[in-house]
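Please open the model in your viewer and keep the sequence panel beside it.

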Amino acid sequence: MEDSQETFISHLVELRDRLIRALIAVGIVFLALVNWARDIYTVLAAPMLAALPEGGHMIATDVAGAFFVPMKVTLMVAFLIALPYVLYQAWAFVAPGLYQHEKKLALPLLLASVVLFFIGMSFAYFIVFPTVFGFINKFAPEGVAVMTDIDKYLSFVLTTFLAFGVTFEVPVVVIVLVRVGLVSIEKLKEIRPYVIVGCFVVGAIFTPPDVLSQFMLAVPMWLLYELGIIFARFIGKPAEAETQTDANALRPLDEAAMNAELDKAEAESAANRERP
């Protein structure tokens with residue numbers, strides 16, 4: 001009991017240390033970028049500024065908004081830059097408890113998740129934002145000055161980044177579900193119509209109230225679902241065989257096998273004693 005408590009406490013101490021290291025890394029990057037906080041926010045706001053009509057601009061309705069919003073954006077960028085180190089700390093904490101075949105699968109999936117998340121954010125920034133902002137601002141009534149609050153714009157951007165980042169994780173989710181045996185590839189094909197409907201429901205919830213942005217989230221989600229099924233054919237199937245191998249390696253010896261091992265050990269011991 002005491003050994004188990006000591007092991008649990010040691011794990012907590014290690015988790016605390018790794019969390020502190022991750023936070024320090026994010027803090028160091030943030031301090032290195034804070035001098036360019038205004039420029040970083042300008043880059044983030046570029047799609048909206050480019051879509052505003054001539055003379056349109058963004059405003060800060062909160063007293064401290066002009067200061068805190070660029071700081072929030074800089075902190076977000078700092079976290080994204082430090083994300084590889086943060087994930088390394090998480091991997092170093094979890095990896096010792098994984099089997100070898102789990103490590104072989106988990107590390108590529110982790111790297112793929114990060115890459116896909118960044119691709120989703122990039123898709124939102126370079127394709128979705130210019131298209132959606134231009135589409136919406138064209139429908140502003142004549143005589144109405146379009147002036148977006150920077151805090152609300154930041155909230156919208158973060159929500160959209162999160163929605164598209166998570167959406168682009170669909171192939172990884174599909175592969176994991178097949179790999180662990182929760183669902184088969186045939187079942188994924190069978191529920192395809194429901195998935196397509198679900199994609200458009202998610203698009204309607206997490207995008208602005210216009211059909212264009214809904215399609216720009218729903219269609220990639222559906223295509224990524226199909227991509228996940230394709231990759232699952234090659235990655236998802238070996239899990240059962242590898243699990244069976246691990247199970248055989250960990251299975252205790254029966255009585256006959258144990259006696260055979262003992263006889264072998266006694267024979268080797270006797271041979272060693274007879275040697276000069």
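A residue is called buried when its relative accessible area is under 20%, exposed when that area is over 50%, and partly exposed in between, using a 1.4 Å probe and protein chains only. What you are viewing is a predicted model, in which local features need pLDDT of at least 70 and side-chain atom pairs count only at pLDDT 80 or more, while totals for chains, interfaces and linings use all residues. Residues are numbered from 1 along each chain as its sequence is written, and side-chain values use heavy atoms, with hydrogens and water left out.

**Whole chain**

Begin with everything selected and colored by secondary structure: the chain has 11 helices and 0 strands, where helices (H or I, at least four residues) and strands (E, at least two) are DSSP runs numbered from the N terminus. Of its 276 residues, 34% count as buried.

**Arg 179**

Next, select Arg 179, which is found in helix H6. Is this residue buried or exposed? Arg 179 counts as buried because its relative accessible area is 12%. If you also select Leu 105, which is 74 residues away along the chain, you will find the two C-alpha atoms separated by 9.4 Å.

**Helix H5**

Now select residues 150-167, which form helix H5. This helix has 18 residues and reaches 25 Å from its first C-alpha to its last, close to the 26 Å expected at 1.5 Å a residue, the expected span being 1.5 Å times one less than the number of residues. Show the side chains of its buried residues, among them Tyr 153, Leu 154, Val 157 and Phe 161. The buried residues of H5 pack against several helices, including H2 (37-51), H3 (65-94) and H9 (211-235).

**Asp 149**

Finally, select Asp 149, in the loop between helix H4 (100-137) and helix H5. Asp 149 caps the N-terminal end of H5, with a side-chain oxygen 3.2 Å from the backbone nitrogen of Asp 151. The backbone nitrogen of Lys 152 also lies 3.2 Å from a polar atom of the Asp 149 side chain, and that side chain reaches the backbone nitrogen of Thr 61 at 2.9 Å. Leaving aside residues up to four places away in sequence, Asp 149 touches Ile 59, Ala 60 and Thr 61, where contact means heavy atoms within 4.5 Å.

Which side chain of opposite charge is nearest to Asp 149? It is Lys 152, 5.9 Å away, and Asp 149 is buried yet has no salt bridge, a term that requires a side-chain nitrogen of Lys or Arg within 4 Å of a carboxyl oxygen of Asp or Glu.

Notes: Lys, Arg positive; Asp, Glu negative; His and termini not counted. Polar contact = N/O pair within 3.5 Å; in protein donor to acceptor, adjacent residues only side chain to side chain.
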